[in-house]
Amino acid sequence: QSRGSRELRSLERIKGVCHPFLLTLERFEAIDDQLVIVTELADCSLEDVVKRNCERGSCGIPREALLAYLHDAADALDYLHQRYQLQHLDIKPGNLLLVGGHVKVADFGLLKDLRDVECSIVGGLTPIYAPPEVFDGRPSMHSDQYSLAVMYQELLTGSRPFGGRTIAQWATQHVHSAPNLEPLPPSDRPIVAKA
């Protein structure tokens with residue numbers, strides 16, 4: 001009930017926002033105590049692309065293709081922030097969907113308005129990609145950028161910048177440890193470290 005109410009509020013915030021790289025919401029409503037969300041149909045997620053590439057012997061997505069995908073996602077996220085002061089706060093491979101060769105950002109259940117002083121994160125975040133400030137309940141205008149950087153390393157190299165195995169380990173590492181960027185090409189490390 002509480003998660004459905006949270007998601008419904010997030011959907012209300014996003015319903016009037018149009019951008020070519022945001023997944024289109026056709027309709028949403030509560031039916032028999034279930035939240036039903038109808039969106040445009042995507043071909044697959046970046047998570048699916050990585051799994052297929054790994055099955056073929058690759059460790060991730062080729063750099064040029066990955067940069068194009070993340071450019072689409074970053075364009076949509078910048079638009080959300082610059083125009084509406086919103087942060088997605090759940091950027092992960094499963095929430096970036098391919099439609100017609102471009103990435104569209106989906107799943108707005110944790111969407112937060114940064115102008116809202118009561119901007120707490122109750123649950124549902126994905127700790128592998130979560131920025132340090134989200135663990136403290138204070139998302140910032142850079143939160144989604146951090147998540148994109150973590151995801152970039154994982155999707156390119158097959159390894160994450162933090163090696164935790166539990167929520168507590170990830171939270172501690174994101175807040176107190178420097179990321180391990182060694183798997184990245186040397187030219188990418190300063191950019192990812194900054195993000």
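**Reading a predicted fold, step by step**

The protein has seven helices and seven strands. Helices (H or I, at least four residues) and strands (E, at least two) are DSSP runs, numbered from the N terminus.

User: What kind of model is this, and how are residues numbered?

Analyst: It is a predicted model: local features need pLDDT of at least 70, side-chain atom pairs count only at pLDDT 80 or more, and totals for chains, interfaces and linings use all residues. Numbering starts from 1 along each chain as its sequence is written, and side-chain values use heavy atoms, with hydrogens and water left out.

User: Which pattern does the protein follow along the sequence?

Analyst: Read in order, the pattern is α-β-β-β-α-α-β-β-β-β-α-α-α-α. The radius of gyration is 17 Å, close to the 16 Å that the globule rule gives for 195 residues, so the protein is as compact as a globular protein of that length. That radius is taken over C-alpha atoms; the rule is 2.2 Å times the number of residues to the power 0.38. Along its principal axes, the C-alpha trace spans about 50 × 40 × 30 Å.

User: What percentage of the residues is buried?

Analyst: Start with the cut-offs: buried means under 20% relative accessible area, exposed over 50%, partly exposed in between (1.4 Å probe, protein chains only). Here buried residues make up 44% of the 195.

User: Is Ser-45 buried or exposed?

Analyst: Ser-45 is buried, because its relative accessible area is 6%. It is found in strand E3 (residues 44-45). A contact means heavy atoms within 4.5 Å. Not counting residues up to four places away in sequence, Ser-45 touches Pro-93, Gly-94, Leu-96 and Leu-97.

User: How do contacts read for the whole protein?

Analyst: Take contacts between residues at least 6 apart in sequence: 62% join residues at least 24 apart.

User: Where is Glu-133 found?

Analyst: Glu-133 lies in helix H4 (residues 132-135). Leaving aside neighbours within four places in sequence, its contacts are Arg-138, Pro-139, Ser-140, His-142 and Ser-143. Glu-133 and Val-175 are 42 residues apart in sequence and 7.7 Å apart in space, C-alpha to C-alpha.

User: How many aromatic pairs are there?

Analyst: The rule comes before the count. Rings of Phe, Tyr and Trp (its six-membered ring) pair if their centres lie within 6.5 Å; planes under 30 degrees apart count as stacked, over 60 as edge-to-face and the rest as tilted. That gives one aromatic pair. Tyr-79 and Tyr-84 form it, edge-to-face, at 5.9 Å centre to centre with 70° between the planes. Tyr-84 counts as partly exposed because its relative accessibility is 24%.
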